[in-house]
Amino acid sequence: MNFADLLKKNFIFIPVVASIVVGGFTSVKYVLNLTTTINESKVTIIKLESELKVAQKELTDMNTRLTSAESTWQMAENLYRNLADQVREHSYDIKDLNR
């Protein structure tokens, strides 16, 4: 049996074997690309988590400062009311003294 006869008998097996080999390489390449993508995504997620922690800390600080500012504003309003009441009382006292 020579090579030509062997090739003629196994003509159908050559494309099948070739497709299996190419499919195997393609599958391995696909899996490697997925692994690379997963590893890059892990790194990105870790960076985002650290940035989220920093943002949460800054948000907590801003909330604390806002609460302090609101308290200061309320205190200023109360002092203004007290001062207005005292001025009103003094104006009544002055009117009484002028009589």
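Me: Let me start with the terms. A residue is exposed over 50% relative accessible area, buried under 20%, and partly exposed in between. Does Phe-3 then count as buried, partly exposed or exposed?

Reply: One caution before the case: this model is predicted. Phe-3 has 64% relative accessibility, and the cut-off is over 50%, so Phe-3 counts as exposed. Its place is in helix α1.

Me: What does the secondary structure of the protein chain come to?

Reply: Two helices and zero strands. Helix α1 covers residues 3-9. Helix α2 covers residues 13-98.

Me: How do I judge the overall form? What radius of gyration does the protein chain have?

Reply: Set the value beside that of a globule. A compact globule of 99 residues would come near 13 Å, but this chain has 42 Å. Now take the box along the principal axes. The C-alpha atoms fill roughly 140 × 20 × 10 Å.

Me: Which distances along the chain can I check for myself? What separates the C-alpha atoms of Asp-5 and Glu-51?

Reply: Asp-5 and Glu-51 are 46 residues apart along the chain, and their C-alpha atoms are separated by 69 Å. Leu-59 and Asp-96 are 37 residues apart, with 55 Å between their C-alpha atoms. For Trp-73 and Asp-93, 20 residues apart, the separation is 30 Å. Ser-41 and Glu-51 are ten residues apart, and there the figure is 15 Å.

Me: Where do Leu-59, Trp-73 and Ser-41 lie?

Reply: Leu-59 lies in helix α2. Trp-73 has its place in helix α2. Ser-41 is found in helix α2 too.

Me: How much of the protein chain counts as buried?

Reply: Of the 99 residues, 0% count as buried. The chain exposes about 9,500 Å², and carbon and sulfur atoms supply 66% of that.

Me: Now single residues. Which class does Leu-59 fall into, and why?

Reply: Read the percentage, then apply the cut-offs. Leu-59 has 51% relative accessibility, which is over 50%, so Leu-59 counts as exposed. Trp-73 is exposed because its relative accessible area is 59%. Ser-41 has 34%, so it is partly exposed. Asp-5, in helix α1, is partly exposed as well, with 35%.

Me: Which side chains meet in a salt bridge?

Reply: The general idea comes first. Side chains of opposite charge can pair when their charged atoms come close. In this structure the count comes to one salt bridge. The side chains of Asp-85 and Arg-88 meet in it, at 2.8 Å from N to O. The cut-off is within 4 Å, so this pair qualifies.

Me: How far apart in helix α2 are Asp-85 and Arg-88?

Reply: Three residues, about one turn of the helix.

Me: Are Asp-85 and Arg-88 buried, partly exposed or exposed?

Reply: Use the cut-offs once more. Asp-85 has 37% relative accessibility, which lies between 20% and 50%, so Asp-85 counts as partly exposed. Arg-88 has a relative accessible area of 40%, so Arg-88 is partly exposed.

Methods
Residues numbered from 1 in each chain as written. Predicted model: local features only at pLDDT ≥ 70, side-chain atom pairs only at ≥ 80, totals over all residues. Heavy atoms only, no water. Helix = DSSP H or I, 4+ residues; strand = E, 2+ residues; numbered from the N terminus. Buried < 20%, exposed > 50% of the residue type's maximum accessible area, 1.4 Å probe, protein only. Rg over C-alpha atoms; globule rule 2.2 N^0.38 Å. Areas by Shrake-Rupley, 256 points an atom, 1.4 Å probe, with all protein chains shown as cover.
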